[in-house]
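Subject: Structure for your review

Dear colleague,

Please find below the structure that I am handing over to you.

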Amino acid sequence: MSSGKESRYALILAAGKGTRFRSDLPKVLHRLCGRPMIEYLLETLSATGIDRIFVVVGPGDDPVRQALQGRHLDFVVQERQLGTGHAVQCAVAALSGLEGSLLVLYGDTPFVEPQALERLIQEREELDADQTLLTIELEDPTGYGRIIRDQSGRVVEVIEEKEASPVQKRIREIHAGFNCFKIPALREAVFEIRNENQAGEYYLTDLPKIFAARGGRVEAVLHEPSMSLLGINDRVQLSEADRILRRRIRDAWMSKGVTMINADTILIDSTVEIGADSVLYPGAILEGRTSIASACTIGPGCHLVDAIIEAGARLDGYCIVRDSRIGAGSFVGPFAHLRQNAAVGERCRVGNFVEVKQSSLGDETKAAHLSYLGDARIGSEVNIGAGTITCNYDGLRKHQTQIGDGAFVGSGSQLVAPVRIGRDAYVAAGSTITEDVPDGALGLARQRQIVKPGWAAERRRKCQDEK
């Protein structure tokens, strides 16, 4: 028996290319509820009290290394993907001088629970085993490595499906893919792994047989069958995992006071925050770092990405809000589009078919219908009439429109930037404004109307004669 608190480390195998995904993206970076699946495993390890985490990645400018930059991780390069045993061999130099326990995990197992890993580590420490491995019993073990025991019940081998005999294939106890090693024992044994198998790869699952031949101790920790232990090997399994996790996310938010109408149709990323007494209608999609405060309403079909919705705001149906903020008590939609750091103040009205791009609206400003507001700074209590357009692009550069507090912009106006509409100024409906309108002034820029009595009847008569 070992005594005292041992150091704990983890090695994540993340260099696999994910051939069954048929993708250039490494398997562990495929997204699950808005995040790369490996991030869930990293969070679990943090909750397990791991002292240091190593990640095996591919050579060169590896995408996994790029995606995990900024985290406190040690990266190990596997120049060639020659199997799981080879990946661990590549990590031996990084483990030099370390004592204690090493978890070896696959980066495609996002659901594993801290309790399962803690039990695996504790069992290795208490029994001073060279290796503990997590096992489960399945009604249909097809595709998994089988646990081979001797007459005394000791684990002596894990045999892969493709190498198993017909008798061995009937064994229901399988290796769940989670291992814990005594680090000095692992360093001594791992280079005894050979690639004498049908795939020509170095299998990590050869280690129990190697330890048994050396007189070492391998223990199996039998776990109840659970989805949390299964890896994600293709897009079908990724979709199923996504469905399960999204249901958990919805249930968690409903337990905290969020109402969801037809909840199964609502998609919420794991990174989203929602306040109590908010209501989500069918088809809502909430992605990224979206934050919804209390007592908000998100209408049917709304799509929010990295959006901030403040208390009491309401989005009517089919709005798109991306990288933007909506202030408290504002009413947006239906069919509104806010993007690129749009900022809507408090108690505003942004109505149907209004697009706001990289613009700010002060408190109690209204743009109720069919307008485009791009690169604009709009004050408080401004009225933007239907069909107003800020003409912000000259073909080379974007220019800014400024509208002061209390201004009134009539329907069908075009504001040709750069231009400033002053405080309490008026722009007459149908105007094309190319020069600044001072505070309190009226801007009127349209052709004088001409009326020709009887013109329509004469036109019809001429047309009839031509026929």
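This is a predicted model: local features need pLDDT of at least 70, side-chain atom pairs count only at pLDDT 80 or more; totals for chains, interfaces and linings use all residues.

Residues are numbered from 1 along each chain as its sequence is written, and side-chain values use heavy atoms, with hydrogens and water left out.

The whole chain

The chain has eight helices and 41 strands; helices (H or I, at least four residues) and strands (E, at least two) are DSSP runs, numbered from the N terminus. Its radius of gyration is 32 Å, well over the 23 Å that the globule rule gives for 467 residues, so the chain is more spread out than a compact globule. The radius is taken over C-alpha atoms, and the rule is 2.2 Å times the number of residues to the power 0.38. Along its principal axes, the C-alpha trace spans about 110 × 60 × 45 Å. Of the 467 residues, 47% count as buried (under 20% relative accessible area; exposed is over 50% and partly exposed in between, with a 1.4 Å probe and protein chains only).

An open sheet is formed by 11 strands in the order 12-15-18-21-24-27-30-33-36-39-41, with parallel pairing. Its edge strands, strand 12 (259–260) and strand 41 (442–443), each pair on one side only. Two strands count as paired if DSSP finds at least two bridges between them. Strand 30 (residues 366–369) and strand 33 (residues 383–384), for example, pair in the parallel sense over two bridges, and Ala 367 stands opposite Ile 384 in strand 33.

Helix 4

Helix 4 covers residues 114–127. Its buried residues include Leu 117, Leu 120 and Ile 121. The buried residues of this helix pack against several elements, among them strand 1 (8–13), helix 1 (37–47) and strand 6 (101–106); contact means heavy atoms within 4.5 Å. Asp 128, which follows helix 4, has a positive phi, near 50°.

Ala 293

Ala 293 lies in the loop between strand 17 (291–292) and strand 18 (297–298). Is this residue buried or partly exposed? Ala 293 counts as partly exposed because its relative accessibility is 24%. Leaving aside residues up to four places away in sequence, Ala 293 touches Gly 275, Ser 278, Ile 309, Glu 310 and Ala 311.

Yours sincerely

How values were computed: The expected span of a helix is 1.5 Å times one less than its number of residues.
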